Every structure is written in structure tokens, then in C-alpha cells.
Amino acid sequence: MKVEPQKEHRWLEQLVGQWTVSMPGCGEGSEVPAEPWSETTRMLHGVWLVSEGEGEQPGGGPATTILTLGFDPARQCFIGSWIGSMMTHMWIYEGTLDPAGKVLTLDTVGPSFEDQSKTTRYQDIITIEDDNNRTLSSRFLAEDGTWKPVMTVHYRREA
């Protein structure tokens, strides 16, 4: 098999590099900034993005995360996964890019913040600010039908 990268795969290439990751506060109403993390992101043969993050969790010790993203031409959507050493749930993504090509919204399902015996819908939203800055905003669909923010993470490309 030979895979030819699509324009969506090329879109992922702008995420490649070494990043400093900062989080102003964890959760709604939190004002305690987390220590900066580092993230290294690369492409596998132009079709899969692999990103590994490392840092200290607020009150939780060291942590490692791995993000994979790609594009499935047959399904016409971005796909991927996220795992972190701080949990046992694997997040499976399916997402779309906005018409302007700046916002990738990744839908997933995971344990509910409101009731751990249930699952709920989540969205991780990657927004490209410019060539060297991006954000990741996470939110969940609450039982009342509204989207509630979980966190916003800022990424700055290292020189």
C-alpha cells in the first residue's frame, strides 16, 4: 500500500515542532497556573501526527501524554487518539476543520465529570493563532445540554 498525503494531512504539518505548553488555570474558575510542559510533535511519513508531551501535573506529579492525529479520506474526517499517564481512559477522536482552516474540532466520549458512572461527550478544539502559537480548548456537554469549559492550553513554538 502507498498512501498519498491529502491537504488535510498537510494541514497537520503546521503542528510539527518543539512547543512550550502553558495552562493558565485548570478547570472553570481556576486561577492557579500549571508549570509549563514541553511537547515534541512529528509526522509519520506525512500522514500521521504524533505528539508527546511531558510535564508536572498540578498536585499530581510527572505526567506524559501522547496524541495521534490523521485524516481518513474514506470517512472525510480527522481521526486520532489521546492517552495520558494520569488516567486509564483512551480518548478516540473524530473531527472536522472549519472552512477558514484555523479550527480543528475533535469530538470524543469519556467519563463524565458530573457522574463517574456515566460517559459524556467532549470536544478538544485546536485553534491556530499564527505560525508559532496555538491553543487547545477542552469542553464537555453537561446534563443540562450546555457546553462547559474544562481547560485552555497555550502552545508556543520554541526557536
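**Group meeting: the cores of a predicted model**

Leu69 touches Leu12, Val47, Trp48, Leu49, Ile79, Gly80, Tyr93, Leu104, Leu106 and Ile126, leaving aside residues up to four places away in sequence; contact here means heavy atoms within 4.5 Å. This is a predicted model, where local features need pLDDT of at least 70, side-chain atom pairs count only at pLDDT 80 or more, and totals for chains, interfaces and linings use all residues. Residues are numbered from 1 along each chain as its sequence is written, and side-chain values use heavy atoms, with hydrogens and water left out.

Now the cores. The largest nonpolar core has 22 residues, and Leu12, Leu69 and Ile126 touch the most other members. A nonpolar core is a set of buried Ala, Val, Leu, Ile, Met, Phe, Trp, Tyr and Cys residues joined through side-chain atoms within 4.5 Å, and buried means under 20% relative accessible area with a 1.4 Å probe, protein chains only. Elements giving two or more residues to this core include helix H1 (7–12), strand S4 (61–72) and strand S8 (119–130). The largest share, 4 residues, comes from S4. A second, separate core of 5 residues includes Trp91, Tyr122, Phe140 and Ala142.

On to the whole chain. Its secondary structure comes to 1 helix and 10 strands, where helices (H or I, at least four residues) and strands (E, at least two) are DSSP runs numbered from the N terminus. The radius of gyration is 16 Å, close to the 15 Å from the globule rule for 159 residues, so the chain is as compact as a globular protein of that length. That radius is taken over C-alpha atoms, and the rule is 2.2 Å times the number of residues to the power 0.38. Buried residues make up 40% of the chain.

Key:
Buried < 20%, exposed > 50% of the residue type's maximum accessible area, 1.4 Å probe, protein only.
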